[in-house]
Amino acid sequence: MVDRDSPVTPDELHAYIDGELPADRHGAVEAWLASHPEDAVQVEQWRTQADAIRSRYGAVVSEPVPKRLELNQIILKQRRPWRAVAAAAVVALMLGGAGGWVARGMALPVPAAPAGVDAFTAEALNAHRLYTVEVRHPVEVTGAERAHLVQWLSKRLDRPLRAPDLEPMGLTLIGGRLLPGPTGGPTAFFMYENPNGERFTIYCMPSQAQDAALHYKAAEKVAAFYWVDRRVAYVVSGPAERKRLWDIAKASYDQLDRTNTAPRSGG
Amino acid sequence: MREIGDKAVAGFRQSVQETIPALRRYARALTRDAELADDLVQDTLVRALRSEHLFHGGDVRSWLYTILTNLNRNRLRALSRRPTVMTIEDNDAPDASGPEGGARDIERALATLVDDQRTALLLVVLEGLSYREVAEVQGVPIGTVMSRLARARAQIKTYLDGQRPMLRRIK
């Protein structure tokens, strides 16, 4: 049942060449193209573009995969972290420490706060960027299971943690994840969201660094406040608006500080 | 205390392994630089394996495309702090001469696209992802994917049309 006059939208023309058009619209689109030569030319141009892209890059899949991309190589490197640490240290030195997550492991020989703090703050910002854009899997355990989440992460980090209650600031706990930290140890990651869909995260990592008060670090569009309290380093990350982030970080700081006044064992 | 069994791990790794050639193709077209592309793929694989224990089923391929897309976006953000990137100079104009002309043209045309549009176009045209999958990779509604595709195609056409001397003069 082809209706030659049935209006065809530009979206349908794209869907047509991308194989996304519902079968019952094929006839209508084909009839439309037969009677609208300008659209037919345009569709042909889009096809030519796609062919050019495929013929330019299609052959890459037949190239031999370089050794450094073999999974066994990558797994091997992860199992022998000292090699990665040595390599990362060299890279980090060359980059002047600006290399973000490449700098993992740099904290080990340096007892003072700055190097280690930089590494975990960079890692926290990377985790923030990576996971806050996730639609389907932003967290591993949802905020609905708050007690379970906190208990699980506390167990994995071997110290009592707490997901601060930021509801008074309009932030709902979406949930959290367990992540590998810059030196490979377990790290807890909590994510919050406000009604506008803006996301804030708190990254908690066991640390040997000395206690440090709130410090601000701004990256591109995101920024962080970090501090170290009783061998746990915290990073609160969010959109780069200092005042707002400060309020959230300060509220988190106050709540987490109270929690940690009851330390377990030597932690 | 493993959260997934050995069998699941093997299946996961096999899926990752099988996707590597396609990831290289996607990264090559995204960056138009073979070394840079393989760096991105390597970072993607490292991240995927590090987060292996976080993966609870689903489509491994889409997930890898998502990681690579995010890493590339971070890379471009870092680059954009420098002022010199992506200015389209006269000597960047299309060059139709020789048999390589077409390949170079499409490469340069891709370079003129906004990142999100280039990503959407390549995922659909080169990687064969459905609109729905691209929407998930980019974290946007399907309608946004479609408008990115439309803009990408219009921009490529504008760029390629620029090789006609008449139009170039107007510019």
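In chain A, helix H7 (residues 146–157) lies across strands S1, S2 (172–180), S3 (186–193) and S4 (199–206), and runs at about 25° to S2(A). Helices (H or I, at least four residues) and strands (E, at least two) are DSSP runs, numbered from the N terminus, while axes are lines fitted to C-alpha atoms, for helices over the stretch in contact, with angles from 0 to 180 degrees between N-to-C directions. This is a predicted model, in which local features need pLDDT of at least 70 and side-chain atom pairs count only at pLDDT 80 or more, whereas totals for chains, interfaces and linings use all residues. Residues are numbered from 1 along each chain as its sequence is written, and chains are lettered from A in the order in which they are written.

Seven strands of chain A form an open, antiparallel sheet in the order S1-S2-S3-S4-S7-S6-S5, where two strands pair if DSSP finds at least two bridges between them. Its edge strands, S1 (141–142) and S5 (212–218), each pair on one side only. Strands S6 (residues 222–229) and S7 (residues 232–239) of chain A pair over eight bridges, and Phe225(A) has Val236(A) in S7(A) as its bridge partner.

The contact between the chains takes 34 residues from chain A and 38 from chain B, two residues being in contact if their C-beta atoms, placed from the backbone, lie within 7 Å. On the side of chain B that touches chain A, H1(B) gives the most, with 10 residues.
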